Amino acid sequence: MSPSFQNRFRLLIVWVLVVAITSLTFETRESSAALLPSVAAMDLGALGPDRESSVKRIQAVLESRLIVQRLADFGLTQAEITSRLDQLSDQQVHEIATQLDALQPGGDALGTVVVLLVIAILVVVLLQLTGHKIIITK
């Protein structure tokens, strides 16, 4: 292979890696694909738990000290919260319970770790392609 071809090939690989890493950086959790149930299944209530179990899950979250304090800061009493929860439809209650299950209080650290590893690998590959070497001495 000629030196000019090698340089062009290296440059092409570098740009492909830059574009790939940049596109991975902007991937969000909301862009994940999922199958949705049909409208008929939603109407029949075949999606999962009944109203009682959904209300129990919501009330379990509402009993948390932080949540109770935050709702009290907004001026809501436990009786007001219960009355508002009773006014919701079955579908709304189920939707809230499902959203509560999907919450991740500590965040999603896995995505951050993966992005950092990909960036480190990209740096190593770029250094190898450009012929640079890192020498660590004590």
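Setting aside neighbours within four places in sequence, Val93 is in contact with Arg51, Ser54, Val55, Ile58, Leu85 and Leu88, where contact means heavy atoms within 4.5 Å. The model is a predicted one, so local features need pLDDT of at least 70 and side-chain atom pairs count only at pLDDT 80 or more, while totals for chains, interfaces and linings use all residues. Residues are numbered from 1 along each chain as its sequence is written, and side-chain values use heavy atoms, with hydrogens and water left out.

Val93 also belongs to the largest nonpolar core, an eight-residue set that takes in Val55, Ile58, Leu62, Leu71, Ile81, Leu85, Val93 and Ala97. Helices H3 (51–62), H5 (78–86) and H6 (90–102) each supply at least two residues of this core, and H3 gives the most, with three. A nonpolar core here is a set of buried Ala, Val, Leu, Ile, Met, Phe, Trp, Tyr and Cys residues joined through side-chain atoms within 4.5 Å. Buried means under 20% relative accessible area, exposed over 50% and partly exposed in between (1.4 Å probe, protein chains only). Helices are DSSP runs of H or I with at least four residues, strands are runs of E with at least two, and both are numbered from the N terminus.

Now to H3 itself. This helix has twelve residues and reaches 16 Å from its first C-alpha to its last, close to the 16 Å expected at 1.5 Å a residue; the expected span is 1.5 Å times one less than the number of residues. Its buried residues are Ser54, Val55, Ile58 and Leu62. Viewed down the axis of H3, they fall within an arc of 100 degrees, so they line one face of the helix (the arc is that of the directions from the helix axis to the C-beta atoms). Glu52 and Lys56 are exposed residues on the face of H3 turned away from the buried side.

Zooming out, the protein chain has seven helices and zero strands, and reads α-α-α-α-α-α-α along the sequence. Of its 138 residues, 9% count as buried. The accessible surface comes to about 11600 Å², with 65% of it belonging to carbon and sulfur atoms; areas come from the Shrake-Rupley method with a 1.4 Å probe, and for residues only the protein chains shown count as cover. Among contacts between residues at least 6 apart in sequence, 73% join residues at least 24 apart.

Ile13, found in helix H1, is 113 residues from Leu126 in sequence but 9.2 Å away in space, C-alpha to C-alpha. Leu24, also in H1, is 90 residues from Val114, with 9.7 Å between their C-alpha atoms. Ile13 is partly exposed at 29% relative accessible area, and Leu24 is partly exposed at 48%. As for H7 (residues 109–130), its 22 residues reach 32 Å from first C-alpha to last, close to the 32 Å expected at 1.5 Å a residue. Just after H7, Gly131 takes a positive phi of about 85 degrees.

The count of aromatic pairs comes to one. The rings of Phe5 and Phe9 have centres 6.3 Å apart and planes at 15 degrees, so the pair is stacked. Rings of Phe, Tyr and Trp (its six-membered ring) pair if their centres lie within 6.5 Å, with planes under 30 degrees apart counted as stacked, over 60 as edge-to-face and the rest as tilted. Phe5 and Phe9 sit four residues apart in helix H1 (residues 3–25), about one helical turn.
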